Amino acid sequence: MKNSDISVEVKGVSKNYSSVKALEDISLSVKKGEMFGLIGPDGAGKSTLFRILTTLILPDSGTAAIEGLDVRQDYKSIRKIIGYMPGRFSLYGDLTVQENLSFFASVFGVKVSDNYSLIENIFKDIAPFGDRRASRLSGGMKQKLALSCALIHKPSVLFLDEPTTGVDPVSRREFWQMLERLKTDGITIVVSTSYMDEALLCDRVALIKEGRVLSSDSPRGVIDSYQNTLLAIWGEDMHSLLKDIRSYGEIKSIYSFGQEHHIAIDKNLYNINYIDSLAKKLEATGHRNFHIKVIAPTIEDCYMEFSANKN
Amino acid sequence: MRQFYIFVRKEFLHIFRDGRSILILLLMPVVQIILFGFALTNEVKNVKVAIMDPSRDAATTMITERLTAGEYFSPYMMVSTEKDSDALLKRGEVSLILSYSERFRERLMHTGSARLGLTADGTDPNMASSIILYASSIIRSAELEISGKIFNSGGVAIPNVRLLYNPQMKSSYNFVPGVMGLILMLICAMMTSISIVREKETGTMEVLLVSPVRPIFLILSKAVPYFVLSMVNLTTILFLSVFLLGVPVTGSLFWLVIVSLVFIFVSLSMGLLISSIASTQVAAMLISGLVLMMPVMLLSGMIYPISNMPDILQVIAQFIPAKWYIEAVRKLMIQGLPLNSVLTELSVLLVMAAIYLTASLRSFKDRLQ
């Protein structure tokens with residue numbers, strides 16, 4: 001990978017808040033024009049990393065650069081070329097949609113009309129509500145307005161911190177479609193989310209847990225690196241199923257996953273007869289009416305696996 | 001420049017869209033002036049007097065008439081025993097008891113001195129002392145007249161007390177400068193700091209920091225609307241005090257405005273300083289309340305004279321900008337003194353402005369921490 005292809009470069013970044021370690025030796029790189037996802041639960045350190053990358057806070061150690069500009073020295077230049085949408089709604093609720101947009105345009109010294117084509121697709125849905133105060137918009141519309149405001153100056157890199165948290169599923173899907181379209185405009189997008197399923201929509205992802213990168217790859221690559229065979233089990237008494245299977249020595253891990261339990265076992269241990277032998281064992285303990293099958297791992301299963309390995 | 005205009009316009013929108021705050025901002029000076037002017041005064045007016053007059057002769061009748069003739073005192077009841085009058089005072093029905101000795105005129109004629117007692121309710125010492133002061137000055141002049149009639153001479157030396165600048169002892173002369181100091185400080189410091197901290201709290205500050213906007217720009221645009229509002233308030237206060245309370249601007253209006261501008265500047269910088277310390281609106285409000293309001297109310301000389309305070313408080317008072325401002329306004333507005341008499345106050349305020357402004361600009365961080 002050539003240096004000029006890299007948009008965001010993070011090397012060995014650590015950050016402590018008093019005694020709490022927020023980030024520990026984080027390294028990752030984002031290519032130009034890529035959609036990069038930071039995946040992890042709340043408190044994993046995603047927002048802290050975003051704040052370092054957007055020059056809002058300084059790392060304790062390590063370096064980070066945006067388009068070759070250092071977050072420490074060149075923060076003023078960085079602030080001209082990035083767009084940032086923080087985790088919470090951070091527009092002016094008492095200003096109208098139109099006023100918010102033109103205010104943020106003027107913050108970056110541009111007019112709304114300058115880059116309107118870039119946001120047209122996003123903004124056209126809320127344009128009819130131009131005179132409505134931003135606080136009275138629905139959650140999905142607020143997100144659209146915030147995205148429009150973050151894009152109005154045509155940034156090279158767009159940072160979106162948990163843009164879909166608290167947004168209904170339909171608006172979430174729509175939001176990702178909008179990001180997909182932005183990519184065609186050549187904007188590098190760094191987005192964080194705690195919804196594991198959204199990882200699949202990114203070009204590359206970094207799984208983050210407790211301030212450390214568990215894995216950084218394409219979603220496909222992450223799933224391919226999964227070392228176990230994964231089984232799903234569902235049946236009548238889910239609770240005692242979980243308890244009983246957990247007591248079996250050969251099981252690597254079992255955890256509930258929606259309506260089912262997922263069982264991870266070592267690839268080498270698994271053979272065609274394994275499911276039958278497991279079923280017999282369970283029937284012997286008194287379990288009836290359950291189903292077991294082999295399934296493909298999801299990003300969330302990988303996350304569970306990798307974080308167990310890290311510990 | 002266009003950018004700055006848009007920023008300032010946005011701040012005005014914030015203020016005007018919040019109906020409650022604009023109401024408070026514009027009505028506060030009016031309410032304070034009216035409260036201090038009509039309700040919370042130390043002025044002696046229509047004070048109810050109980051009169052115990054066992055002698056009922058020409059002299060006592062005359063003194064009583066003189067005392068109750070003006071708008072200051074009104075007779076409430078004639079009582080015959082000390083017990084009755086004390087009870088009236090206790091119940092708060094009267095604020096002053098005037099008691100004559102027996103055979104008042106006779107004694108005055110023969111011995112040259114007769115006893116006359118004034119009793120006031122000491123629970124409010126300020127009020128009591130002004131009542132006594134008023135009453136004794138009226139009685140003294142009446143006595144003088146009586147003794148003049150009797151002895152045909154004004155032989156007794158009686159001090160002729162005169163209060164300069166505020167001959168009627170109107171308390172509005174004292175509080176108008178105080179209210180000016182209080183309101184300008186409140187609006188500039190408190191409101192500015194709250195409006196900046198609000199952006200921190202709602203997260204918009206994060207977005208603004210991650211932009212090419214220069215922080216000084218941001219801060220100045222926050223200060224402008226409150227500067228304008230405090231000018232409006234200054235005008236309101238001056239109008240109300242001249243036309244409603246009858247407190248004249250005896251000195252130079254021009255320099256009064258200039259001194260006020262300097263004080264507004266100091267207050268704005270204090271507000272900016274607070275905004276960089278506080279991270280929530282509540283904290284900003286508390287800091288403004290504790291650090292600004294309390295000292296302005298108590299230590300600026302607005303309510304209690306500084307010279308009566310313990311030494312340590314007197315020292316602290318020197319560091320309170322409002323103290324200097326209020327002093328300057330008293331001199332310029334009430335006493336009508338020329339500019340050179342307030343040079344000390346003006347230069348102290350200028351130095352304070354410089355210090356606070358430097359401190360607040362330095363403490364404004366262009367990162368989050």
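This report describes a predicted model with chains A and B, going from chain A to its sheets, its domains, and then chain B.

## Ground rules

In this predicted model, local features need pLDDT of at least 70, side-chain atom pairs count only at pLDDT 80 or more, and totals for chains, interfaces and linings use all residues. Residues are numbered from 1 along each chain as its sequence is written, chains are lettered from A and ligands numbered from 1 in the order in which they are written, and side-chain values use heavy atoms, with hydrogens and water left out.

## Chain A at a glance

Chain A has 10 helices and 14 strands. Both are DSSP runs, numbered from the N terminus: helices are H or I with at least four residues, strands are E with at least two. The C-alpha trace of chain A spans about 75 × 45 × 35 Å along its principal axes.

How many of the 311 residues of chain A count as buried? The share is 54%. Buried means under 20% relative accessible area, exposed means over 50%, and partly exposed lies in between (1.4 Å probe, protein chains only). Contacts in chain A also reach along the sequence. Among those between residues at least 6 apart, 69% join residues at least 24 apart. A contact means heavy atoms within 4.5 Å.

## The sheet 2-1-4-5

Strands of a sheet pair through backbone hydrogen bonds, either parallel or antiparallel. Here, two strands pair if DSSP finds at least two bridges between them. In chain A, 4 strands form an open sheet in the order 2-1-4-5, with antiparallel pairing. Strand 2 and strand 5 (69–70) of chain A stand at the edges; each has a single partner strand, so one side of each lacks a neighbour in the sheet. Strand 1 (residues 6–17) pairs with strand 2 of chain A over 8 bridges, in the antiparallel sense. Within this sheet, Val10(A) has Leu28(A) of strand 2 as its bridge partner. Helix 1 of chain A packs on the sheet and touches strand 1, strand 2 and strand 4 (61–66). The direction of helix 1 makes about 120 degrees with that of strand 1 of chain A. Axes are lines fitted to C-alpha atoms, for helices over the stretch in contact, and angles run from 0 to 180 degrees between N-to-C directions.

Thr48(A) sits in helix 1 (residues 46–53) of chain A. Is Thr48(A) buried or exposed? Thr48(A) is buried, with a relative accessible area of 9%. Not counting residues up to four places away in sequence, Thr48(A) touches Lys15(A), Tyr17(A), Ala22(A), Leu23(A) and Ile57(A). Lys31(A) belongs to strand 2 (residues 20–31) of chain A. Lys31(A) is partly exposed, at 33% relative accessibility.

## Two domains in chain A

The domain assignment of chain A gives domain 1 (3–223) and domain 2 (227–310). Such bounds come from an automatic or database domain assignment. The centres of the two domains of chain A, taken over C-alpha atoms, are 37 Å apart. Across the boundary, 16 residues of domain 1 are in contact with 9 residues of domain 2 of chain A. Together these domains bury about 1100 Å², 78% of it on carbon and sulfur atoms. Buried area is the accessible area (1.4 Å probe) that two parts lose on being put together, summed over both.

## Chain B and the interface

Chain B is divided into domain 1 (2–40 + 171–363) and domain 2 (47–151). Helix 7 (residues 172–202) of chain B has 31 residues. Of these, 26 are buried, so helix 7 of chain B is largely enclosed by the rest of the structure. Gly203(B) follows helix 7 of chain B, and its phi is positive, near 95 degrees.

Chain A and chain B bury about 2700 Å² between them, 58% of it on carbon and sulfur atoms. In chain A, Leu56(A), Arg79(A) and Tyr92(A) lose the most area to chain B, together 23% of what that side buries.

Methods: The expected span of a helix is 1.5 Å times one less than its number of residues.
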